[in-house]
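Please keep the sequence and the structure in view while reading.

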Amino acid sequence: MLAKLRAGLGARIQRAIDRRIPVQTPPFTIYSDKIYILPTCSGLYFALLVLVMLLGSLNYSNSLGFALTFTLVGLGLVAMHHTQHNLLRLRLLAVDAKPVFAGETARFKLTFSNESCVPRYAIRISTHGRPGPSLSIIANAELSTQVARPASRRGRLACPRLRLDTTYPLGLFNAWHWMEIDASVIIYPRPAGDLPLPWHSSGTERTTRAIAHGDAEFSGHRGYVPGDSPRQIDWKASARSDTLIVTRHHAGYEQQLWLGTEALRHLAPEARLSQLARWVLTADAAGLRYGLELPDAYNGKTLPPDSGSAHRHACLTALALY
Amino acid sequence: MAHAEPNRLNVRQRLWITGSITLLCLPQVLHLPLWLGGLAILIYGWQWLSAWRDAPKPNFMVRISLIVGVVAIVLTSFGQLNGLEAGSALLVLMLGLKLSEIQHYRDGILVLSLGYFVLITQCLFSQSLAMIGYLVVGCWLLTALLVDLNCGPDGPRPGILLKTSGRLLMQAAPIAAVLFVLFPRIPAPLWGLPADGGATARTGLSDTMRPGSISRLVRSDEVALRARFPKGLPPPQARYWRGPVLWRFTDGAWRIGEIPRKFPKPTIVVHPGNITNVQILLAPTKSDWLIALDIPISSSITEARLTGGATLVATQSSIGPRRYRARSATRAIMQPQLPLLIRHYATALPDNINPRARALAARWRQTADSPRAIIQRALALFHNQPFVYTLTPTRTGQHNSIDRFLFETREGFCEHYASAFTFLMRAAGLPARVVTGYLGGTPSTVGDYWLVRSSDAHAWSEVWLRGAGWVRIDPTAAVAPQRVQTGIAAALADDSALPYMTRSTGSVWYRLQMLWDGINTGWSRWFLAYGPKLQARFLSLLGLTNWRDILFTLTGLVVGILVLLSIWLAWQTRRPAPTDPIQRAWLSLCKRLGRRGFDRAPHEGPQAYCNRIIRQRPDWRKTLVPLTRQYIALRYADQGNTATRRRFVREVARFRPRK
C-alpha cells in the first residue's frame, strides 16, 4: 500500500517535472528560472553544527564564538549564491553524435561554452539517474564531453534527458538543471545474415558475374582525382611517377548491384533489414557500386547505385527509418 | 573526467586534511596534561603515516577498541567527560581517530565541519586578540579544503583555492558583522556554566588570607581590572578597591566565616556629594566578587548584591570580562549601629594563641582613654619600632605567628600587618575585621583609563568606632607610607621580586606593553563585553527598541547584502569584452544594429551580414559598407596603423542607425 502510494506520488512528481522542462535546440543558455537548489545532506549537517555552536556561544556569552558562528552562517548563505552561479548562463553550443548500429552504444558529444570571466567547476552530468562525466571549464572557454546511451533498436534515438548537478564551492547546496535537447541520432539496423550478395536479382542490364577485386578489365591509367577509391590506386605505377595513378576499369563491364527485398521474403521483416544492412556493409567494403530499393508500402525509398561513405550512410539511414 | 570512484579522496587530499586538522588541534594539545598530549601526538602521527600511504580503514574491532580506550583515558584523567577541558580533549582525540576513516567525500566533509567545531572550543579557552589570528587561519584553511573537495578531479591550484576561500570569507564577513550586532542576545546562561569560571579566569583574591597569600598575588602583573573615572580621579589615599572582607581567624588564616556570609547589607550614611561613579572592566576571575572603589554602594549589574561586609558580589556566574558601573562613597558612615551578633563575630578570637600580643592589647585597653587612643598606640608601635615592609619576610611558622611577627621577626608584607593589627584590636575589645582588595593603580599611556594589576593587591583593616561606623585603618601606611602615596615599587626597598610592568615605567618595552593593553582594553570593552546590556544601549542609539524592529532590520540588512552579492556574481559571470578595440567597436555596432532588428547570426561573417542588412535598408549603404570594409581590412588583413584604427573606432561610434 505504501509502495503504491510512493509510486503514484513519484509518477505525479515526474509528470510535474516533465511539464516544466521545455525541449530546446542548441545553442541555448541556462537561465536562473530553470535552476533548482536545495541543501545537501552535508549542508543540513553543517547547519546543525552551526546551531550547536550558536547555542554554546549564547550560553557562555563568548563574543569570539559568536563571531565565528555568524561567519559560518554568512558562509552558508554566500555559498548558496555561488552554487547557483556555477550553473547560471552556462551555454550548450552543439550536440553531435555519430550513427551506430543497434546493440551498440550511441555517444552524444555535448559542447559546452563558459562565456563568463570565472571558471566553472565540477558540473556533473547524469542521464536517467546514472552518473556521468564531471565538467570543469575555465573562463571563456569551451569543452566537449560525451554522454552514452545504449541503442537497442534501429531508428532515431533521441538525446537522453540530462541532469546537470553542482555542489561547488562548499558542498552545502546542490543546484541542478534538467536539459531536454532536441537532437537525435540514427541507429542503423544490426547487420546480420549470411546470404551472399544478390547479383542474380539485378535487372537486364545487370550482369551476373561477381566481381572479385582485381578481376576487372583494365582500361587504362589516369591521374588520381580526390574522391577516387584508394583501392584503385596503382601503387607500382604511382611509384614510377610523381603523382598518384589510378587504374580505370572498363565502364561497359561495370557491374551494378541492386539490393532489395525480393530474395528475402522468407525472412522476418527485421531480419530482412538486418540482411540488407549486412549486404550494404559488404558491398561498401568491396568498393562496389550498389543501389538500394525498398518497397513503397512502408515509406520505401529507392537509392540509385553509387559508392562512397555518404551513400552508405544514406542507405543505412533508409534502412533504419524504414 | 573521473569515472572510477569519483567520491574517493586521493592521497594529496587526505594529507592536506590531516595536516590542517593537526594544525588546528595544536593549541589544544598545549592545554592537555602531559600524557594526554603525548597520546594526541601519537594518534596524529599515526594518521599522517596512514594518509601518506593511503592506508584503508582499520577494521571495525580495532576502531571500537580505540574509541573505548580513548574515552577511558580521558575519563580517568579528568574524572568526568563534560567539563570544558575534558570535552575538548575528547573532541581532539576522537577527531584524530576519525582521520583514519577519511576515504570518501562524505567523510572528508564531516571531518572538516568538525574542524570548525575545534575552532570554537578554543575560543572558550582564550578570547585574546591573538585568537583572531588563529581563527582566521583556521577558517581560511578549512574553507579552502572544502572548496578543494568540491572542485572535482580537475581542481585548481592551491593558490587559487586559497584565493576563492578568502573571497568567500570576505563576502560572508558583512553578514557576520550585521548578525553580531543585531542578533538578540539572551542574558542568562542557557544551561549552566563551569563552576571554576572557565578556562580564561585567573585566580584573583580568594576567601582566605594567610601569610603569603597577598605576596603571591603581587608577583604577577596581570591586570585585575581597568577603571575609568568620569568624575575625576580620587586622591591616592582614596584609591582603595574593596574585595572580600574576612571576619574569622583560625589556624593562622583569616576567612570570611559561614555566618558572616549571611549578614545583611549594612546601612551606609553618605552625603550625595561624596558619591562617585566608576566604570569598571573586570578581568575574568574564578570568583564572583565585583571589585569596586571603597565603599561600594551599588552597581549597574542587576544580578548583584552587597554583602554584610559591604563588598559587591554577583549572584549570577559568568565567563569572560565583566563590565559595570559602580557607585561608591568616598566618605561615609558605614553601619552607624552595630548589632550584637556582628559585634560578637567582630571581636571573636580563638583562645590560647599569641599570648604576648594579647597581653599588649590588654595593657592598651587599660591605659588608653578612648578607642581611638588604642588605635594610635598600635600605629605608633608599627611606626616607631624597626618594622620592615618586604615581600620576602622570614617565615614565622604557624604557631603563635603574630607574636613572632610582632616581637621577633618584625618583617612582613601588608597581610602580616593587617592580620596583626586586627588581632590586636580584637584582643583590645574593639570590633575589627580584615579587608582585602587592591590599592592604587597606574594610568594607561594610551587611553583614559587606569590599570589595577594583581601586583596592587593589598590587605588592610577596619575598626568599628561609635559615631563613625567602620573606619579604615591601614597599618602598612604606618610602616611604608609610600605604598599609599606612590605604589608598591616605591615602597619596597628591594623590588627585584616585583614583576616587570610594576617596577618600570617609561621604557620602550613598557610603552609597547601599554599600547598592547590599550588595544586589548578596547577589544575587551567593546567586542568581548558586547552582551545584552551593551547591545540594548547601542540599538537604542540607533532607534531600535523593540524586537520586531530589530528583526526587521536584521532581515533587511542580510537580504540587502545577499542582493548585492548576487549583483556582484552576475557581473563576475558576464561575458568578457574582447580586448581588441576594433573587435569591441564591431561588436557594439552589431549590438546597435541588433536593436534595430538585425541580429548577427553566429555563423555570419561581416560581409554577409552587411549585405543582408543593405538589402533591406539601402539607406544605410553609404556608411555601413565602408565601415565593413574597413573592419575586414583592420581585423583580418591586419592593415592600417594606429591612426586608421582610431578613426574606425570613432566612425563606428558616430554611426547611429535610425529607425
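B:Cys123 is buried, with 0% relative accessible area, where buried means under 20% relative accessible area, exposed over 50%, and partly exposed in between (1.4 Å probe, protein chains only). The cysteine sulfur closest to that of B:Cys123 belongs to B:Cys139 and lies 9.3 Å away, which is too far for a bond. B:Cys139 is accordingly in no disulfide, and at 6% relative accessibility B:Cys139 also counts as buried. A disulfide is taken here as a pair of cysteine sulfur atoms within 2.5 Å, and by this rule the count over all chains is 0.

The model is predicted: local features need pLDDT of at least 70, side-chain atom pairs count only at pLDDT 80 or more, and totals for chains, interfaces and linings use all residues. Residues are numbered from 1 along each chain as its sequence is written, chains are lettered from A and ligands numbered from 1 in the order in which they are written, and side-chain values use heavy atoms, with hydrogens and water left out.

Chain B contains 24 helices and 21 strands; helices (H or I, at least four residues) and strands (E, at least two) are DSSP runs, numbered from the N terminus. What is the radius of gyration of chain B, and what would a compact globule of 659 residues have? Chain B has 38 Å, whereas such a globule would have a value near 26 Å. The radius is taken over C-alpha atoms, and the globule rule is 2.2 Å times the number of residues to the power 0.38. Along its principal axes, the C-alpha trace of chain B spans about 130 × 70 × 50 Å. Of the contacts in chain B with a separation of 6 or more, 71% are between residues 24 or more positions apart, a contact being heavy atoms within 4.5 Å. Chain B carries 78 positive and 36 negative side chains, and the centres of the two sets lie 11 Å apart. Lys and Arg count as positive and Asp and Glu as negative, while His and the chain ends are not counted; the place of a charge is taken as NZ of Lys, CZ of Arg, CG of Asp or CD of Glu.

Chain A has 6 helices and 18 strands, and 45% of its 322 residues count as buried. In chain A, residues 24 or more positions apart account for 66% of the contacts with a separation of 6 or more.

Attention now turns to individual sites in chain B. B:Ile375 is in helix 11 (residues 371-384) and is buried at 3% relative accessible area. Beyond residues up to four places away in sequence, B:Ile375 touches B:Phe421, B:Met425, B:Leu430, B:Val463, B:Leu465 and B:Ile473. The C-alpha atom of B:Ile375 is 65 Å from that of B:Gly69, a residue 306 positions away along the chain.

Helix 11 is also among the elements that cover the buried residues of helix 12, together with strand 4 (248-250), helix 10 (355-367), strand 16 (411-412) and helix 13 (414-427). The buried residues of helix 12 include B:Ser401, B:Phe405 and B:Thr409. These three, along with B:Arg404, are touched by B:Thr396, not counting residues up to four places away in sequence. B:Thr396 is in the loop between strand 15 (388-389) and helix 12 (401-409), and its relative accessibility of 12% makes it buried. After helix 12 comes B:Arg410, whose phi is positive, near 55 degrees.

Positive phi values also occur in two loops of chain B. B:Asn354, not a glycine, has a phi of about 50 degrees; its loop runs between helix 9 (340-346) and helix 10, and it is buried at 1% relative accessible area. B:Asp54, likewise not a glycine, has a phi of about 55 degrees. B:Asp54 is in the loop between helix 2 (34-53) and helix 3 (60-78) and is partly exposed, at 26%.

Cis peptide bonds complete the tour. One joins A:Tyr168 and A:Pro169, with omega about 0 degrees, and A:Pro169 is in the loop between strand 11 (162-166) and strand 12 (173-181) of chain A. Another runs from B:Asp294 to B:Ile295, with omega near -10 degrees; B:Ile295 is in the loop between strand 9 (292-293) and strand 10 (296-299) of chain B.
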